[in-house]
Amino acid sequence: MQIQLYYDRLLALAHAAGRAGEVPVAALLLRPAADGFDLVAEAANSIVCRRDPTAHAEMRVIRMAARRIGSERLPGTLLLSTLEPCLMCTGAIVLARIAAVHFFARTGTGIGITEILTADTLPRLNHRPAWLQIEEYSTQAQETLQSFFADRRGK
């Protein structure tokens, strides 16, 4: 399956999470295959419904993938997210040895993967995944998040 279709699936999952009252963030974990990628796991934020502050989409997808693959290490995999992974999720990505992360919208908080995994921060890490912001989906993801929070403030 082409990666573009996974990007579209990611946005659909994020929208569904928003309709359910969760912050509209979704993640997928892919494994390379002969014809592109295989979907290992997908999840959206479920912090509110689970009453679990660690139930970020990225954390959930890492947990699911580790169970499905049968290992706490996920080398060679690609994590896709609608939002730049936070400090907690970046830590889990490093520990799981995920090879790369693609995300749409930046957090703007100063504690996302782009700030955490610079050459100057945490110099003793033994694993640093590559990361890439997917610019063509950035606006859509950002607008989804802004709309969600504007609706919440309006209530």
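Mentor: Start with leucine 30, in strand 1 (residues 26-33). Strands here are DSSP runs of E, at least two residues, and helices are runs of H or I, at least four residues, both numbered from the N terminus. The model is predicted, so local features need pLDDT of at least 70 and side-chain atom pairs need 80 or more, while totals for chains, interfaces and linings use all residues. Residues are numbered from 1 along each chain as its sequence is written, and side-chain values use heavy atoms, leaving out hydrogens and water.

Leucine 30 has 0% relative accessibility, so it counts as buried. The cut-offs, with a 1.4 Å probe and protein chains only, are under 20% relative accessible area for buried, over 50% for exposed, and partly exposed in between. What does leucine 30 touch, leaving aside neighbours within four places in sequence? Its contacts are Tyr6, Phe37, Asp38, Leu39, Val40, Thr77, Leu78 and Leu80. Contact means heavy atoms within 4.5 Å. Take leucine 80 from that list. It lies 50 residues from leucine 30 in sequence, yet the two C-alpha atoms are 7.9 Å apart.

Aspartate 38 is another of those partners. It sits in strand 2 (residues 36-44). At 40% relative accessibility, aspartate 38 is classed as partly exposed. Beyond four places in sequence, aspartate 38 touches Tyr6, Leu29, Leu30, Arg31 and Ala33.

Alanine 96 brings us to helix 4 (residues 87-96), where it is one of the buried residues, along with Cys89, Thr90, Ala92, Ile93 and Val94. These buried residues pack against helix 3, strand 3 (78-83), strand 4 (100-105) and helix 5 (113-116). Just after helix 4 comes arginine 97, with a positive phi of about 65°. Arginine 97 is in the loop between helix 4 and strand 4. Its relative accessibility is 22%, so it counts as partly exposed. Most residues other than glycine have a negative phi. Arginine 51 also has a positive phi, near 50°. It belongs to the loop between helix 2 and helix 3. At 68% relative accessibility, arginine 51 counts as exposed.

Histidine 56 is in that loop too, between helix 2 (47-50) and helix 3 (57-69). Away from its sequence neighbours within four places, histidine 56 contacts Asn45, Ile47, Cys86, Met88 and Cys89. Proline 85 is 29 residues away along the chain, with a C-alpha separation of 9.2 Å from histidine 56.

Follow the contact to asparagine 45. It lies in the loop between strand 2 and helix 2. With 8% relative accessibility, asparagine 45 is buried. Beyond four places in sequence, its contacts are Ala17, Glu22, Val23, Val25, Ala55, His56 and Ala57.

Next, the helix pair. The axes of helix 1 (residues 3-19) and helix 6 come within 11 Å and cross at roughly 5°. Axes are lines fitted to C-alpha atoms over the stretch in contact, and angles run from 0 to 180 degrees between N-to-C directions. Helix 1 and helix 6 are therefore roughly parallel, a label for angles under 35 degrees. From helix 1, Gln4, Tyr7, Asp8, Leu11, His15 and Gly18 meet Glu136, Tyr137, Gln140, Ala141, Thr144 and Phe148 in helix 6. By class, the contact holds 5 nonpolar, 5 polar and 2 charged residues. Ala, Val, Leu, Ile, Met, Phe, Trp, Tyr, Cys and Pro count as nonpolar, Asp, Glu, Lys and Arg as charged, and the others, Gly among them, as polar. Threonine 144 is buried, at 14% relative accessibility. It contacts His15 and Pro24, leaving aside neighbours within four places in sequence.

Last, the largest pocket. A pocket is an open set of points on a 1 Å grid over the protein atoms alone, where a 1.4 Å probe fits, with protein on both sides within 12 Å along at least five of seven lines; lining residues have an atom within 4 Å of a point. The largest one has about 300 Å³ of space. It is lined by 18 residues, with Leu83, Glu84, Cys86, Thr107 and Thr109 closest to its centre. The lining has 10 nonpolar, 5 polar and 3 charged residues. Helix 6 (residues 135-154) supplies the largest share, 3 residues.

How values were computed. Grid points are joined across faces, edges and corners, and a volume is the space filled by probe spheres set on the points. Angles under 35 degrees count as roughly parallel, over 145 as roughly antiparallel, 65 to 115 as roughly perpendicular and the rest as oblique.
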